Amino acid sequence: MGASGVTGVILAGGKSKRLGRDKALLPWPRESSETTLLTHVHTVLETVCDDVIVVGNRADLTSFTVVPDVSAVGSSLTGLVSGLQAARTPLVLAVACDMPFLNGRLLRALIGRASDEWDAVAPGIRDEPETLHTVYHRRCLTPAMQMLQAGDLKLARLLERLHVRRVSPNVVRTFDPDLASFSNINTPQELAQARALAHSRALEAGEAG
């Protein structure tokens, strides 16, 4: 069951140019799988969110609740704006459709740290806080729209305007020791690596069972 007051937003408007294939519709976890990467991500978010929407200018994703991107550019910032506009909850958890190792326990921990005191809750595994895999309060829509109107589409600069609660790498690693949650798929090589990791984890789970 999802957490109270949170909408999951999956950004699925990218062009997948480096991969050469539509990320959202990639068979996952194997090439022969009937499920897709988008379905997998959606299923994970359903376990921690009250509602899940997909953002993208796509008429092909008929099995999901899809809202159009406010811009044909399809950037992360415009996708977030679209999600914030569509959400009916105080909080939005924003992820990308090509993040195959989302961790429900970590996502719940991030959501649990959200409050009216903070505009966003973001993992801080690098020098800068993550822009996706991040919880945003709906009031972030105002500064995000100001950036969009100014032609600034860089989501990282939105975080610079916000009161952000950063979750330290040490805390993140208690839920996700190898930080696989933050992996995404941009190239055929990254796809192969992700599938290899998924296969390895499945074998470990089988042995553990």
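## Salt bridge exercises

Asp152 has a relative accessible area of 18% and is buried (buried means under 20%, exposed over 50%, partly exposed in between; 1.4 Å probe, protein chains only). This is a predicted model, where local features need pLDDT of at least 70, side-chain atom pairs count only at pLDDT 80 or more, and totals for chains, interfaces and linings use all residues. Residues are numbered from 1 along each chain as its sequence is written, and side-chain values use heavy atoms, with hydrogens and water left out.

**Exercise 1.** Find the salt-bridge partner of Asp152 and classify its accessibility.

*Solution.*
- Apply the definition: a side-chain nitrogen of Lys or Arg lies within 4 Å of a carboxyl oxygen of Asp or Glu.
- Asp152 pairs with Arg157, N to O 2.9 Å.
- Arg157 has 37% relative accessibility, so it counts as partly exposed.

**Exercise 2.** Explain what the pair Arg139 and Asp119 ties together.

*Solution.*
- The closest N and O atoms of this salt bridge, Arg139 to Asp119, are 2.6 Å apart.
- Arg139 sits in the loop between strand 6 (134–137) and helix 4 (141–150), and Asp119 in the loop between helix 3 (104–112) and strand 5 (120–123), so the pair links parts 20 residues apart in sequence.
- Helices (H or I, at least four residues) and strands (E, at least two) are DSSP runs, numbered from the N terminus.
- Asp119 is buried at 16%, whereas Arg139 is partly exposed at 33%.

**Exercise 3.** State how many salt bridges the structure holds.

*Solution.*
- The structure holds nine.
- One of them joins Arg21 and Glu31, at 2.9 Å, N to O.
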